[in-house]
Amino acid sequence: MALLPILRYPDPRLHTKAAPVKAVDAGIRKLAADMAETMYAAPGIGLAATQVDVHKRVIVIDVSEEKNRLMVFINPEIVWRDGECEGEEGCLSVPGIYETVQRSARVRVRALDAEGRPFELDAEDLLAVCIQHEMDHLEGKVFVEYLSRLKQTRIKAKLAKQARITA
Ligand code: NI
């Protein structure tokens, strides 16, 4: 396994729309394993392939306290959604920024697992939010794009300053 570099907003590659996975083969399983390792090391609760500059529809999530409930979603689709919720979100591609975003409170997602087997999952609360956040990445969308232009400009300036300090 290997740690993968995570793209930082406003890297334009984060706006790439990911392509469906045609076959869940050894390459995809390695990608999912490397993404999981990268997510745990960050540490984070979710990561989309887009964030590691691989434009395929793969996401990994683990919202458990113990970090022992890895979920891999390949070609995820939301087939049902219900209700609304509002919560503070962060993103490994937008370090140090936490902002409130509106999401569906409950979703049903259909996807393939790391073995290529289809499954459906009903999710709510943090898991539902995380699935929607990661699926946005596959569409080339970063959560700060739900915020006002002014806020986005401020976040870009803050991240540019951080990058200069750490460079
Ligand atoms: Ni994110």
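**Exercise 1. Identify the atoms that coordinate the nickel ion, and state which parts of the chain they connect.**

Solution. Step 1: the nickel ion is held by the SG atom of Cys 91 and the NE2 atoms of His 133 and His 137, at 2.1 to 2.2 Å. These positions belong to a predicted model.

Step 2: along the chain, the donors of the nickel ion are spaced as C-x41-H-x3-H. Cys 91 sits in the loop between strand 4 (85-89) and strand 5 (99-103), while His 133 belongs to helix 2 (residues 125-138); the pair therefore ties together parts that are 42 residues apart in sequence.

Step 3: residues count as buried under 20% relative accessible area. Cys 91 has 10% relative accessibility and so counts as buried. His 133, at 6%, therefore also counts as buried.

**Exercise 2. Determine whether Lys 17 is buried or exposed, and describe its surroundings.**

Solution. Step 1: Lys 17 is found in the segment before helix 1 (26-41).

Step 2: the limit for an exposed residue is over 50% relative accessible area. Lys 17 has 56% relative accessibility, so Lys 17 counts as exposed.

Step 3: leaving aside residues up to four places away in sequence, Lys 17 touches Arg 57, Leu 138 and Glu 139. With Glu 139, the side chain of Lys 17 forms a polar contact of 2.9 Å.

Step 4: Met 39 lies 22 residues from Lys 17 in sequence, and their C-alpha atoms are 21 Å apart in space.

**Exercise 3. Describe the length, the start and the buried residues of helix 1.**

Solution. Step 1: helix 1 contains 16 residues and reaches 22 Å from its first C-alpha to its last, close to the 22 Å expected at 1.5 Å a residue.

Step 2: at the start of this helix, a side-chain oxygen of Asp 25 comes to within 3.2 Å of the backbone nitrogen of Gly 27.

Step 3: the buried residues of helix 1 include Ile 28, Leu 31, Met 35 and Met 39. Among the elements that cover the buried residues are strand 1 (46-48), strand 2 (58-61) and strand 3 (71-82).

**Exercise 4. Characterise the chain as a whole.**

Solution. Step 1: the chain has 3 helices and 7 strands, in the order α-β-β-β-β-β-β-β-α-α.

Step 2: the radius of gyration is 15 Å, close to the 15 Å that the globule rule gives for 167 residues, so the chain is as compact as a globular protein of that length.

Step 3: buried residues make up 43% of the 167 residues. Of the contacts with a separation of 6 or more, 64% join residues 24 or more positions apart.

How values were computed: Residues are numbered from 1 along each chain as its sequence is written. This is a predicted model: local features need pLDDT of at least 70, side-chain atom pairs count only at pLDDT 80 or more; totals for chains, interfaces and linings use all residues. Side-chain values use heavy atoms; hydrogens and water are left out. Donors are N, O and S atoms within 2.8 Å of the metal (3.2 Å for Na, K and Ca); water is not among the atoms, so sites may look incomplete. Helices (H or I, at least four residues) and strands (E, at least two) are DSSP runs, numbered from the N terminus. Buried means under 20% relative accessible area, exposed over 50%, partly exposed in between (1.4 Å probe, protein chains only). Contact means heavy atoms within 4.5 Å. A polar contact is a pair of N or O atoms within 3.5 Å; within protein, one must be able to donate a hydrogen and the other to accept it, and residues adjacent in sequence count only if both atoms are side-chain atoms. The expected span of a helix is 1.5 Å times one less than its number of residues. The radius of gyration is taken over C-alpha atoms; the globule rule is 2.2 Å times the number of residues to the power 0.38.
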